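Thanks for coming. I have one structure to go through today, and I will keep to a few parts of it.

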Amino acid sequence: MTGGLRPRRLALISVHTSPLAQPGIGDAGGMNVYVWQTATRLARRGIEVEIFTRATSSDDAPVVHAAPGVLVRHVVAGPFDGLDKRDLPGQLCAFSANVLRAEAAEPGGYYDLIHSHYWLSGQVGWLARDRWKVPLVHTAHTLAAVKNASLAGGDTAEPMGRVIGEQQVVDEADRLIANTATEFAELVDHYGADPDKIDVVVPGADLDCYSPGDKSAARAALGLDDDDVLVTFVGRIQPLKAPDVLLAAMAPLIRSDPTGRRKLLIVGGPSGTGLERPTVLTELARDLGVADRVIFRPPQSPAVLAQVYRASDLVAVPSFSESFGLVAVEAQACGVPVIAANVGGLGVAVDDGVTGRLVAGHDIDEWTAQLADLLGDPARLTRFGAAAAGHAARFSWEHTTDALLNSYSAALSGFRPGPRWTPTGRLRRSWLKNRPRMAG
């Protein structure tokens, strides 16, 4: 149990995606899981949690009592549909106004602390912090400067407006939450963040849901063949997550397998720039001559997703950028080894050579070679899988909640209401460092 000050009521801001949404659909992903899992656990610790998120349907009730102690407020800001994350900066004024109105309808001093998730939410939290005179804790989840430094081929760079917006939030927040030591360094190196106000809080996995189980039973439940050699991708279908790299790397291994047992399972839906070509993976599988051995499934509920992991021989996380890598931890919690790109937090999520393998870069031939080496050694995969659940047990949401409470305590004890210095010089340096380069 953590000590020190703690909020009585927490305003949690998640503008662009609701914790009630199905991960893997649209912009919903690991952040949804993070918000929901930490909110419910904070509530179990006696903190009232109210989550502000944008309404995306006329059927969204204004207020939903989502779990004991957790209330979700659906904020009307812009049309219910037809907007994606890139359109939302233009709706932040409407969103902020309605957040402030919700608080104004309550008794004075209603919220004790704000925790914002992603830069859009941080912009709203910054305004609310000044109005409510309570501390702002911010989690970036992803950083534009980091994503732009490792773009997938053909992907679209994050705009400078986001880089500048992130810089403003980094400068204004009372505490910053980094998922890993790597993200800590990225906040300092790319955004000039004050190291003394950054707390490393490692995300977790729902270890009650994700646990080892019988592979044959899982395959039977999912309608998969018991004797297949199954490599699995779970995540949003977009260039950032690199499912096309995995598919291209697996194709020669599938084609050269005379038994026809090697298969690739892809679980997820189009998101972000992937919405521009939602059928790109099915087309690629056809063009590579492996369409009959690539299985596509839509996003799944946590209970079914646990069965997906248990059914797999190997789970692949080939992303170009990951602040943590929740899929890697969930898979290992189910006793399944992981092959992952050595980027961001994946170096923490996967114990290289013990629970799986980290691959440097995204060269397709290198991925093919690494996959062939692992799939050709079932005994090693078994050893990795046996160690995986123990490694994943280090990443529980209870540990995450303990660390968040410590950060909240530091924010409350150090908070001094009043105007902040506007770091125009730092923003100027950020622009010069990250401005688009002109050809010619």
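This is a predicted model: local features need pLDDT of at least 70, side-chain atom pairs count only at pLDDT 80 or more; totals for chains, interfaces and linings use all residues.

β12 covers residues 314–317 and β13 covers residues 338–341, and three bridges join them in the parallel sense.

Next, a residue in β9. That strand spans residues 229–234, and valine 229 belongs to it. Is valine 229 buried or exposed? Its relative accessible area is 19%, and the cut-off for buried is under 20%, so valine 229 counts as buried. Leaving aside residues up to four places away in sequence, valine 229 touches Arg261, Arg262, Lys263, Asp313 and Leu375. As for valine 70, it lies 159 residues from valine 229 in sequence, and the C-alpha to C-alpha separation is 42 Å.

On to the helix pair. α7, residues 215–222, packs with α10, residues 302–311, at an angle of about 125 degrees, and the axes are 8 Å apart. Because of that angle, α7 is oblique to α10. The crossing of α7 past α10 is left-handed. Which residues make the contact? From α7 they are Lys215, Ala218, Arg219, Ala221 and Leu222. From α10 they are Val304, Gln307, Val308, Arg310 and Ala311. By class, the contact of α7 with α10 has six nonpolar residues, one polar and three charged. On the spacing within such lists, recall that an α-helix has 3.6 residues a turn, so residues three or four places apart point the same way.

Last, α11, which is residues 326–333. How many of the eight residues of this helix are buried? Eight of the eight are, so α11 is largely enclosed by the rest of the structure. After α11 comes glycine 335, with a positive phi near 80 degrees.

That is what I have; questions are welcome.

Definitions and conventions
Residues are numbered from 1 along each chain as its sequence is written. Side-chain values use heavy atoms; hydrogens and water are left out. Two strands pair if DSSP finds at least two bridges between them. Helices (H or I, at least four residues) and strands (E, at least two) are DSSP runs, numbered from the N terminus. Axes are lines fitted to C-alpha atoms, for helices over the stretch in contact, and angles run from 0 to 180 degrees between N-to-C directions. Angles under 35 degrees count as roughly parallel, over 145 as roughly antiparallel, 65 to 115 as roughly perpendicular and the rest as oblique. A crossing is left-handed if the near helix is turned anticlockwise from the far one by less than a right angle, and right-handed if clockwise. Contact means heavy atoms within 4.5 Å. Ala, Val, Leu, Ile, Met, Phe, Trp, Tyr, Cys and Pro count as nonpolar, Asp, Glu, Lys and Arg as charged, and the others, Gly among them, as polar. Buried means under 20% relative accessible area, exposed over 50%, partly exposed in between (1.4 Å probe, protein chains only).
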